[in-house]
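Hi,

Here is the model I promised to pass on.

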Protein chains: 2
Amino acid sequence: MNAPRPLAIQDFYPDDFAHCYGCGRLNPHGLHLKTYWDGDETVAHHTPGSHDVAVPGFVYGGLIASLIDCHAMGTASAAAERAAGREIGQASAPRFVTAALRVDYLKPTPHGPELEVRARVTELTARKAVVSATLAAGGVITARGEVVAVRMPDTMRG
Amino acid sequence: MNAPRPLAIQDFYPDDFAHCYGCGRLNPHGLHLKTYWDGDETVAHHTPGSHDVAVPGFVYGGLIASLIDCHAMGTASAAAERAAGREIGQASAPRFVTAALRVDYLKPTPHGPELEVRARVTELTARKAVVSATLAAGGVITARGEVVAVRMPDTMRG
């Protein structure tokens, strides 16, 4: 018997809010980042395109910030659901947006290997989540992120 | 008589380090952000593409982080040159990379208007610059950034 296929939180964002360039399943040009639970952490993977460089051989820092940002929003959503007693796929997922993003670039990130982003929620209230993240290339952590996520305000609803 | 056309610092990065996705003139797929002096500040402009959304109607936060990041690196380079007594275009420009990036998203950034990024250097040493930036849409500041830039390390030279 096969293990059940893991589910990504972004696949359960409401259709009206699933167009994010970084992680929206309905954005035809986007990165389509997917955030999965892995125990108490979340994990996402992305392989940069050939043009996603800062200088030749190293990944563009804006992409690193984008991956950490979207994965943190997904982690906040998944954690809010888990706190409410639901796992991914049992309901529509709440949409968080970024209030503050901090990324520390610890060392240059080599271009080539698949990148792995891991995150965990360090603080969770009804309105807000604080998420700590790491980004690794070939098993070596090259960047750390700290992201404040808030529930999407009504002003962003069409 | 016309005023001289302003020069962008990124047009004077050495060819070997002019491939950045955000601001490299030699990246065919990139954003080609250009940083100009405007008095003691620097300024850059960018109009997001139709797919650069977080949710419909609002600009993707990863793009906002990317614009602030690249403009801050350009500002660090221009300020280092000015500290050395040179204006943009008088010499090859030094390349800085991001050590830390912090972005505070003050309010949702409407998708549609051209974005304006402004920055100034608040601290400058031989090795490092600290840059404060704002991002505005339609004249309203929607995000603030604080970026630590360091001279590109030798490990990133091919």
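Start with the strand that joins the two chains: strand S3 of chain A (residues 96-105) pairs with S3(B) in the antiparallel sense, over 5 bridges. To find the spot on screen, go to Asp104(A), which sits opposite Ala100(B) in S3(B). Keep in mind that this is a predicted model, so everything here is computed from it.

Now the rest of the interface. On chain B, 35 residues are in contact with 35 residues of chain A. Together the two chains bury about 2,800 Å², and 63% of that is on carbon and sulfur atoms.

Which elements of chain B supply at least two residues each to the side that touches chain A? Helix H1 (61-83) and strand S3 (96-105) both do. S3(B) gives the most, with 8 residues. By type, the residues on that side of chain B divide into 19 nonpolar, 10 polar and 6 charged.

Next, how the copies are arranged. In general, two copies of a chain are related by a rotation about an axis and a shift along it. Here, a rotation of 180° with 0.0 Å of shift along its axis puts chain B on chain A, with an RMSD of 0.0 Å. That is the relation of a two-fold axis. Both copies use the same surface, as 100% of the contact residues of chain B recur in chain A. If you want to see where the axis runs, look for Arg102(B): of the residues of chain B, its C-alpha comes closest to the rotation axis, at 2.1 Å.

Strand S2 (residues 41-46) and strand S4 (residues 115-124) of chain A pair in the antiparallel sense over 5 bridges, and His46(A) stands opposite Leu115(A) in S4(A). S4(A) also pairs with strand S5 of chain A (residues 128-137), again in the antiparallel sense, over 9 bridges. Those two strands, S4(A) and S5(A), form a hairpin with 3 residues between them.

Last, the salt bridges. Over all chains the structure holds 22 of them. One to click on is Glu41(A) with Arg120(A), where the closest N and O atoms are 3.2 Å apart. This pair links distant parts of the chain: Glu41(A) lies in strand S2 of chain A and Arg120(A) in strand S4 of chain A, 79 residues apart. Those are the two strands that pair over 5 bridges.

Cheers

Conventions
Residues are numbered from 1 along each chain as its sequence is written. Chains are lettered from A and ligands numbered from 1 in the order in which they are written. This is a predicted model: local features need pLDDT of at least 70, side-chain atom pairs count only at pLDDT 80 or more; totals for chains, interfaces and linings use all residues. Side-chain values use heavy atoms; hydrogens and water are left out. Contact means heavy atoms within 4.5 Å. Buried area is the accessible area (1.4 Å probe) that two parts lose on being put together, summed over both. Helices (H or I, at least four residues) and strands (E, at least two) are DSSP runs, numbered from the N terminus. Ala, Val, Leu, Ile, Met, Phe, Trp, Tyr, Cys and Pro count as nonpolar, Asp, Glu, Lys and Arg as charged, and the others, Gly among them, as polar. Two strands pair if DSSP finds at least two bridges between them. Copies are superposed by least squares on the C-alpha atoms of residues with pLDDT of at least 70 in both. A salt bridge is a side-chain nitrogen of Lys or Arg within 4 Å of a carboxyl oxygen of Asp or Glu.
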